[in-house]
Amino acid sequence: MIKKSLFLIVALYAYASSFAEVVRYGYAPETFAEEEMIAQGTGTNGFCAGMICLDPNNDPTVKRLEGHSIKGVRSYFLNDYKQSRQGRTMIMNAVGSLDAEITTKKCDFVAGWNEVYFDQPIVIGSEPIYVGLQVYELKGTPYPLITYAPADIKGGCWVNLENEGWMEYSQRGTLMIQAILDDEAAPKLENMFYASVEKSPLVVAPSEKFDAGVFFHNMTDQEVSSITLSTIGQGDTEALIEEVTFDTPLAAHEGRMVQMPIRAGAESGVTQWLKLSVPKINGVDTQQVMDGVSTHHVTVDAFNRIPMIEEFTSQTCSTCPFMIYYLDMAMEEYDGPLVYVTHHSGFQKDRFTKPVDEELLYLFGSKQLQNPAVMYDRWVPEGESSPIFFAQLAEHEPYLEQIMAAAIRPAMASVEFDLRYDENAKTVGCTVSGRVGTSIVSAGIPTYLSVYLVEDNIPISDDYFQLGLDGDDAPADLAEKFRHNGVKRHDFTLTLGGDLLTTDENGNYSVDYADIAIDPSWNVDNLKLVGYVCKINKDDIRENGVLNANYKHLTHTSVISVNSDMAQVGFKVTRDRRIVATSEIADFSIFNLQGVAVDKNDALVPGIYIVSFKAADGKMGAKKLLVK
């Protein structure tokens, strides 16, 4: 499996004059935001190869280039890989398929852009042509393949790790590889511009606009200040044509992500296509490139899924910290919002146990009560009798896979908080409102709402002890890193297990929960409200499940908002994945997306982090950073 690099700081410059006469083609941009680069490989010693595919059957540009030739490969590296004497570094090409004979030419690569030419050019015809490179990955300079993360281009990322075979990855970004063409091909590459919805939301409403991240790639050697954007979705009878003017023009060969509203297609369904194209740039007709195609779950119930991870644990469970260590690692690596709650039952009661914890033991079904155990939206896998997984795996990937699977499962409800937090009186209450999906309402399926006040980041103490932190198989830093997270401090729910929701004909609901006093021993900065809508059926475990969840922090409710006056305050992520300030500040703190503070001296796992800071002049602000 490909491992993402931990983070890259790269400094690429606009199209350099030394390449001005080189005709090249590919979807890898040359000017971009540095945090959008990812290095890929295994992190171990072994061969590592990457290819891009130029297919005339999918790409009208390649079809237009028929009869022209590919002279060589242009590629970008972060490090030198001078291994040609050992026969380990080379450029490569194959015609027809990657099962065909691969032609190679040994060469050395240096950090930055490289241009290497084949002994014999390849003439572009009617078959796909694969061009790329191979190096021998070293532990000392790992992750040699560089991709541009926002651009998931068809055919843009074929990888062969440790000679185990070629695989195409459609969500790893586009390899920083381009084909060098003959000089006569230049006119066929003029006025080209690519657009696609990237990292799109799973669920959108039919014929409605949604906030999307759109990847724009200026494939020309000129600056582009405005474009005509064509959007057509599955079920649309005609494309929506809009004029887009960029706040800052796109430089030559620049790739850029832009947040903007995009209209979904008219047809409902789970995997409906949406195509973007650009017929004009700067008012001039473009030459056709591949449509930017994305897929969406189109439904009137366009709810944003927030996965809910529930763990059965106990302070006296000696094997629980072992699982929590890797589950925490997976939740930190997952780059979206999620809800995490612990139920202190299933093994022994402890000081965190609430009545609802024992009420939920029915979800074990025919399974024997056992900790550690974890659920993902209470979904019961095919062939299983319970949504509960017993897990003691010494790796985080299986947990991450389960979280990602939960994240793409369509949500069937929304959960929103109207928070009432009185900082002086130390009280908190809320009104929870939202909508239950039409299919659930029309079927008359009862739904239930549960709301907790949860505390994270509770350190070990005499009162808050935890067994199992010093076992023989425990990770070396388990005791140092362990915290009690997802602890229920108060159950607002009036009926044990969940309050039956009353909805109107459209599925709307609203429930008010009275204010409670905040115990002085609770850390307000780590408190949050957690709510979820679920189905409950104790007679049939399969008829249970969390329709959706959400959370809201008491004191970090606005931490993601960035104060525009503080734009000059800068931060960066170092090569060893630490966040450091690049301008003078008084202090700063780092939080993950669950609002839990992390040590700013530690190397961070990949994910999105919020940096809350105080500037030298005392003003407060916040910034969001991506660590890869």
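Which residues is D377 in contact with, leaving aside its neighbours within four places in sequence? In this predicted model, the partners of D377 are R305, I306, P307, M308, A406, R409, G545 and V546. D377 itself is found in the loop between β26 and β27. With a relative accessible area of 2%, D377 counts as buried, because the cut-off for that term is under 20%.

Four strands make up an open sheet with mixed pairing, and their order is β25-β24-β26-β27. The edges are taken by β25 (339-343) and β27 (388-390); each has a single partner strand, so one side of each is left without a neighbour in the sheet. From one strand to the next, the twist averages 25 degrees.

Within the sheet, β24 (residues 308-312) and β26 (residues 373-376) run antiparallel to each other and pair over four bridges.

Helix α2 (residues 320-333) touches β24, β25 and β26, and its direction makes about 170 degrees with that of β24. Helix α4 (residues 397-407), for its part, touches β24, β26 and β27; the angle between the direction of α4 and that of β26 is about 25 degrees. A406, one of the contacts of D377, falls within the residue range of α4, and M308, another of those contacts, lies in the range of β24.

The cysteines complete the picture. The model holds one disulfide, which joins C317 to C320 with an S to S distance of 2.2 Å. The link between C317 and C320 is right-handed, with 90 degrees about the S-S bond. Both C317 and C320 are buried.

What of C53, and how far away is the nearest cysteine sulfur? C53 is in no disulfide, and the nearest cysteine sulfur, that of C157, is 12 Å away. A sulfur pair must lie within 2.5 Å to count as a disulfide. C53 is buried, its relative accessible area being 17%. C430 is likewise in no disulfide; the nearest cysteine sulfur, that of C534, is 16 Å away. At a relative accessible area of 0%, C430 is buried too.

Conventions
Residues are numbered from 1 along each chain as its sequence is written. This is a predicted model: local features need pLDDT of at least 70, side-chain atom pairs count only at pLDDT 80 or more; totals for chains, interfaces and linings use all residues. Side-chain values use heavy atoms; hydrogens and water are left out. Buried means under 20% relative accessible area, exposed over 50%, partly exposed in between (1.4 Å probe, protein chains only). Two strands pair if DSSP finds at least two bridges between them. Helices (H or I, at least four residues) and strands (E, at least two) are DSSP runs, numbered from the N terminus. Axes are lines fitted to C-alpha atoms, for helices over the stretch in contact, and angles run from 0 to 180 degrees between N-to-C directions. Contact means heavy atoms within 4.5 Å.
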